[in-house]
Amino acid sequence: MKKKIALIATLVICMAGMAACGDKKDDSSKNTTNEKTESTVQEDFDVTELADKIKNEGSFTDLAPLDSKIAVDRLYGLDSSKIEASAFYSNSNATAEDVAVIKVNDESYVADVKKAIEERVAEQKASFESYNAAEVPKLDDAVIVTSGKYIVFVVSGDSAKAKDIIKGYIK
């Protein structure tokens, strides 16, 4: 177990270093209003904007940006060719906190992404039960919201606040 924790900690440190080298896209065409229409089609939004808002306004103690390629490939085991855009914040293994906002190319891949997230929650629960049981309630109250091509995942100290923020973006 100690080797696994050391490996995960090393991975997170490497990911944080790589994230510092990443490019930040500026999407000047994004919709700046939060008005919802009666349409059943999910309005497009910037995944990084929502991830940042959740991180900045939510209840977190231990989050750092995580390189999307590393998160997609290693943490969630997803097919990066099926991901249109994504933004991630993850913990340093001291807490269970996570933020993931993912937009897929095709809605048919949403179920696979949701399953991968649920598997991550289960793995995190098993891990935290043995060395930091105080974090397990956060995982029990994890937020997973899907709409159209979007999937939002949040593990925080205040799931209700996370849900409120997500409601401004997800129909």
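**View 1. Overall fold of the predicted model.** The protein chain contains six helices and five strands in this predicted model. Read from the N terminus, these elements follow the order α-α-β-α-β-β-α-α-β-β-α.

**View 2. Burial and surface of the protein chain.** Of the 171 residues in the protein chain, 39% are buried. The accessible surface amounts to about 9400 Å², and carbon and sulfur atoms contribute 49% of that area.

**View 3. Strand β2 and its cover.** Strand β2 spans residues 83-90. Six of the eight residues in β2 are buried, and the strand is thus described as mostly covered. In a regular strand, side chains alternate between the two faces of the sheet.

**View 4. Pairing of β1 with β2.** Strand β1, formed by residues 64-66, runs antiparallel to β2. Three bridges connect this pair. Within the pairing, L66 has F88 of β2 as its bridge partner.

**View 5. Pairing of β2 with β3.** Strand β3 covers residues 98-104 and is also an antiparallel partner of β2, with seven bridges between the two strands.

Conventions. Residues numbered from 1 in each chain as written. Predicted model: local features only at pLDDT ≥ 70, side-chain atom pairs only at ≥ 80, totals over all residues. Heavy atoms only, no water. Helix = DSSP H or I, 4+ residues; strand = E, 2+ residues; numbered from the N terminus. Buried < 20%, exposed > 50% of the residue type's maximum accessible area, 1.4 Å probe, protein only. Areas by Shrake-Rupley, 256 points an atom, 1.4 Å probe, with all protein chains shown as cover. Pairing = 2+ DSSP bridges.
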